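Student: I'd like to learn how to read helix packing, cores and chain contacts. Could you walk me through an example?

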Amino acid sequence: MLGALLYLRLTSLQNLLLSRVRRLKQPKYLIGAIVGVGWFYLTFLRRFYTSRAAPGGLPGMTLPPIDLTATLATFGALALLLIATFAWALPNDKPGLAFTEAEAAFLFPAPISRRSLVHFKVLGAQLRILFSALIFTLISSRWSFLSGHAVTHAIGWWVVLSAINLHLTGAALTISRLVEGGVSVARRRTIVAGVVGLAAALTLWMTWRHAPAFTVQDGAGPGTFFVYGAQQVDTGLLHWLLVPGKLLVAPFLAVGARDFFSALGPALLLLGAHYVWVVRIETSFEEASIALAEKRAARVAQIRSGTYRLGADKPKARREPFRLRSPGRPELAFLWKNLLSTRPYFHWRVWAGCAVTILAAVPWIVRQPDLKPVAIFICGGAAFLSAYTLLLGPQLARQDLRSDLAHSDILKTYPLAGWQIVLGGLLTPAAILTGLLWLALLAAACALDPRIVPLPWLTPGVRLSAGLSLALLAPPLCVLQLLVPNAAALVFPAWFQATRQRGGGIDLMGQRVIFGLGQMLTMVLALLPAVLVAGVVIFITQWLIGLPAAVVLATLTVIVILAGEIWCGLWWLGDRFEKLDLSAELRP
Amino acid sequence: MIEVLALCKRYGDFPAVTDLSFSAQPGEVLGLVGPNGAGKTTTLRCLAGIIPATSGGIRIAGHDLTKDPVAAKRALAFFSDEPRLFDYLTVRQHLNFVARVYGVAAHEAIAQPLLAELEIADKADELPGALSRGMKQKLAIACGLLHGPSVMFFDEPLTGLDPLGIRRMKDSILKRARAGATIVLSSHLLHLLEEVCSHVLILKQGRKIAHGTLAEVSAQFSNGETNVSLEEIFIRATGGSEN
């Protein structure tokens, strides 16, 4: 029987690979594949070889290998413990094994024992695990603080990933059995939460009682902090709960061959125990698995239609973000609609609460001499959040035409010009990203105090004018950033549809790289005139009106230029939307 | 009213609709029939301004759909076979949104009786996920009717409805037609179209085979026989095959 199931797996894999190769006849996939291979080589393979040849060290991470190994083992084991905890606490009343709808339809009525089906799932997962181990090995080859060899890392990843897979499967089956035995979800969660909570409370208590205070010393980097953190975590009851995880990550972290082989034995024993546990559980998982398969199929359909939201629960009716009166500007109706479809915390009240908290907390932190590292961290964090929001935010906040393309036939019947629909679509992600940027700027402006950053030119006037200028620039910058992916969706709808598939091979990865590079290039070209003009304005006027006023004047000039670019972009995209013929673009 | 002149729609080299001309007057219910791939949905989508025509002219309520699409669309409503609703908007919020988009003032006064007529008033605060298929379709209809369109397009409106739903949909279409709306609908359910439509337009491979009142089209293909059903006319007109 396992032969038939293996045939199903291998034939499916073979056909998948063949279909991927065949679709390279289409230029969009061929170009994507070439770019994807190039990107993969430059990102992983080239670095893989160079990092093997010349290992380096990050500043502050150059600790003796044995110290860092223990730290990594503790955090790795902690991560595995958290995964295991979630596996036991989070599943609903009847967690099933992950079969596809087709597998459930064909295999469940077939004369196959439950144990064979479990074997099928466990062995079938190995293909994915092996591939994942290979990718993770390439990624971890860039971790300069890691000792060991690529082969030991690959085997180490395989052990860890296999253990996670087996534990998740075993937990799902055991919970199914507990449910059959009458143990309720609430009872199970209470027990799991009680055990984990007790362990965490004991650890916190012991740390509070016995741990020495962490002091910042000259030359100490983040590595020192991690070592301190690991030592505090690895105490009390948690120390014992971390033991299985440490055994599993030990082969991956082994420094030499001897260490590796001595670590591999216990890890394999633990893996074997998991395997025996999984295949010996006798429980009926079919009904829950069918429900799970239907849920997964619905999720896949949502991903394909562009309506999938990560971690989204079943939709719930919500209060409106603001009162939508009619008649009025129709673009605001799109803002209203799309805000309703986002997370409830994207609300002006939440934003105002965050702003008040920042205004109260950050200046207080700045005034405390002992909390100087925290203030520096806030500065760095705010700068990172700003850059992340501006550069990657448009890829994450997609409550615009990209998600509304599925409804394009409805949108096209609306009595609105194309630019109005495009603008209406852009308002929600622009508002969300602007809100985040403003919060980050507020935190940075409060933390950039002369006591924290002693720069003579950073006068209160410059701080205020620079902060206000950046705040004024945030909305047009966000809209401009959002115009690019929306333009990609409208100008290259077939490419855009392809990139919405999850995973999908190196050709789709290449397509995403092309979109990412295109976004960056377009932004550089769009910002270049504004930046040049701003530089000239500041250079000429700062001698006449002072630096703060020159900054404000330059900002206003930049806003005018960006507004012009946005207007052109909206007009052009609106025209594209009116002429868009999805039925023709998406024909296979 | 609807006026279509030499409408053509091509997908690359493939002609989906070729040289289609017809008109439909207020109060008329025009049934668009044809085998699979005849171009019914493409025609409806072109008429509703969802997809651009390759060539030809379309006038909706006197407005040129190409030159003045906003004015033309203000007069029409399109109902697809599958109700396309926003997952995170309740029934009431859907109507609120549509009212703003179409600029309907004091829409509550229109929405409430509309919801009552469609028997979904008690679901006003429910999300689409909590509605049955029939109720979703009713919500889509309520959204389409809110701005009082004078031209309506129905693409397979009876798909997935139970017998009671079919009866109500037919009554609703006839009621709007009696009120002066121009209605075009496509369906494969010929015996049901026979009960609703005053006119029929038969398409095959994107070309018009016949157009006129039921009696006129019947006379064209009945060969002197009486009481020939629309199904029989359809088979004779199209030759009984897709090609």
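Tutor: Let's start with a pair of helices: the axes of helix α15 (residues 372–391) of chain A and helix α19 (residues 418–447) of chain A come within 8 Å and cross at roughly 155°. That makes α15(A) roughly antiparallel to α19(A) (angles under 35 degrees count as roughly parallel, over 145 as roughly antiparallel, 65 to 115 as roughly perpendicular and the rest as oblique). This is a predicted model, in which local features need pLDDT of at least 70 and side-chain atom pairs count only at pLDDT 80 or more, while totals for chains, interfaces and linings use all residues. Residues are numbered from 1 along each chain as its sequence is written, and chains are lettered from A and ligands numbered from 1 in the order in which they are written.

Student: What do "helix" and "axis" stand for here?

Tutor: Helices (H or I, at least four residues) and strands (E, at least two) are DSSP runs, numbered from the N terminus. Axes are lines fitted to C-alpha atoms, for helices over the stretch in contact, and angles run from 0 to 180 degrees between N-to-C directions.

Student: Is the crossing of α15(A) and α19(A) left-handed or right-handed?

Tutor: That crossing is left-handed. A crossing gets this name if the near helix is turned anticlockwise from the far one by less than a right angle, and is right-handed if clockwise.

Student: Which residues make the contact between α15(A) and α19(A)?

Tutor: Two residues are in contact if their C-beta atoms, placed from the backbone, lie within 7 Å. On the α15(A) side, the residues include A375(A), I378(A) and A382(A), and on the α19(A) side they include L433(A), L437(A) and A447(A). By type, the contact residues divide into 15 nonpolar, two polar and no charged (Ala, Val, Leu, Ile, Met, Phe, Trp, Tyr, Cys and Pro count as nonpolar, Asp, Glu, Lys and Arg as charged, and the others, Gly among them, as polar).

Student: How does α19(A) meet α20(A)?

Tutor: In general, two packed helices are described by the angle between their axes and the distance between the axes. The axes of α19(A) and helix α20 (residues 460–491) of chain A come within 8 Å and cross at roughly 150°. That makes α19(A) roughly antiparallel to α20(A), and the crossing is right-handed. Among the residues that meet are L426(A), P429(A) and W438(A) in α19(A), with R463(A), L470(A) and C478(A) in α20(A). This contact divides into 16 nonpolar, three polar and one charged.

Student: At what angle do α19(A) and α23(A) pack?

Tutor: α19(A) and helix α23 (residues 547–579) of chain A pack at an angle of about 110°, with their axes 7 Å apart. They are therefore roughly perpendicular to each other, and their crossing is right-handed. Here W419(A) and V422(A) are among the α19(A) residues, and W571(A) and F577(A) among those of α23(A). The types are eight nonpolar, two polar and two charged.

Student: A554(A) lies in α23(A). Is A554(A) buried or exposed?

Tutor: A residue is buried if 20 or more other C-beta atoms lie within 10 Å of its own, exposed if 12 or fewer, and partly exposed in between, with C-beta atoms placed from the backbone. A554(A) is buried because it has 23 other C-beta atoms within 10 Å. Not counting residues up to four places away in sequence, A554(A) touches A534(A), V537(A) and I538(A). I135(A), in helix α5 (residues 114–140) of chain A, has 12 C-beta neighbours inside 10 Å, so I135(A) counts as exposed.

Student: How many residues are in the largest nonpolar core?

Tutor: A nonpolar core is a set of buried Ala, Val, Leu, Ile, Met, Phe, Trp, Tyr and Cys residues joined through C-beta atoms within 7 Å. The largest has 142 residues, and those with the most contacts inside it include A447(A) and F153(B). α19(A) gives the most to this core, with 19 residues. A second, separate core of 42 residues includes A87(A) and F252(A).

Student: How many residues does each chain bring to the contact between chains A and B?

Tutor: Chain B brings 34 residues and chain A brings 29 residues. On the side of chain B that touches chain A, the largest share, seven residues, comes from α3(B). That side divides into 18 nonpolar, eight polar and eight charged residues.
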